[in-house]
Amino acid sequence: MPHPFIHVEIGTRDIDRSRRFYEAAFGWTVRYQAIEGTEAPYGLVDTGQAPGGGLFQAGADQPLGVTVYIGSDDLQETLSKIEAAGGRTLMPPTEVPGEGWFALFADTDGNTLGLWKGISPS
């Protein structure tokens, strides 16, 4: 896999306000999806073309920002390469039930990025 950008995630303090903003400003469609273990919904963003995106409601102590996710066939192998190149793992591979797995890492400048491996179609 060539490791393309596949998902862009935007943190917000008010997901409903952000949904209205992005739909009005850019014509995007945001569809809420329940997240297991949390009360806040996740907003799946359809921009009309790839990559896809999402809105998530960040906790009060969680910094806001944008996270770009990079595709990977093997998250642990990619994290090992990231660490060997001077980056560091921030969150190990974590399952998103029914969807796939993600991990977070910091590059050598401290930027937070994500890795994503979706469930392969049967």
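## Helices, sheet and salt bridges

Q: Does E23 count as buried, exposed or partly exposed?
A: In this predicted model, E23 has a relative accessibility of 26%. Buried would need under 20% and exposed over 50%. So E23 counts as partly exposed.

Q: Which residue forms a salt bridge with E23?
A: Side chains of opposite charge can pair when their charged atoms come close. The closest N and O atoms are 3.1 Å apart, and the partner is R19.

Q: How far apart are the closest N and O atoms in the salt bridge between K81 and E77?
A: Both residues lie in helix α2, four residues apart, or about one turn of the helix. K81 is exposed, with a relative accessible area of 54%, while E77 counts as partly exposed at 41%. A salt bridge needs the nitrogen within 4 Å of the carboxyl oxygen, and here the closest N and O atoms come to 3.4 Å.

Q: What arc around the axis do the buried residues of α2 cover?
A: The buried residues in this helix (75-84) are L75, T78, L79 and I82. They sit on the same side of α2, because around the axis they cover an arc of only 100°.

Q: Which residues are exposed on the other side of α2?
A: An α-helix has 3.6 residues a turn, so residues three or four places apart point the same way. In α2 the buried set is L75, T78, L79 and I82. On the other side, the exposed residues are K81 and A84.

Q: Which residue caps the N-terminal end of α2?
A: Look for a side-chain oxygen 3.2 Å from the backbone nitrogen of Q76. The residue that supplies this oxygen is D74.

Q: Which strands stand at the edges of the sheet?
A: The open sheet has eight strands with mixed pairing, in the order β2-β3-β4-β1-β5-β8-β7-β6. Each edge strand has a single partner, so one side of each is left without a neighbour in the sheet. Those strands are β2 (29-33) and β6.

Q: In β8, what is the bridge partner of G71?
A: Strand β5 (residues 66-71) pairs with β8 in the parallel sense, over three bridges. For G71, the partner in β8 is W116.

Methods
Residues are numbered from 1 along each chain as its sequence is written. This is a predicted model: local features need pLDDT of at least 70, side-chain atom pairs count only at pLDDT 80 or more; totals for chains, interfaces and linings use all residues. Side-chain values use heavy atoms; hydrogens and water are left out. Buried means under 20% relative accessible area, exposed over 50%, partly exposed in between (1.4 Å probe, protein chains only). Helices (H or I, at least four residues) and strands (E, at least two) are DSSP runs, numbered from the N terminus. The arc is that of the directions from the helix axis to the C-beta atoms. A polar contact is a pair of N or O atoms within 3.5 Å; within protein, one must be able to donate a hydrogen and the other to accept it, and residues adjacent in sequence count only if both atoms are side-chain atoms. Two strands pair if DSSP finds at least two bridges between them. A salt bridge is a side-chain nitrogen of Lys or Arg within 4 Å of a carboxyl oxygen of Asp or Glu.
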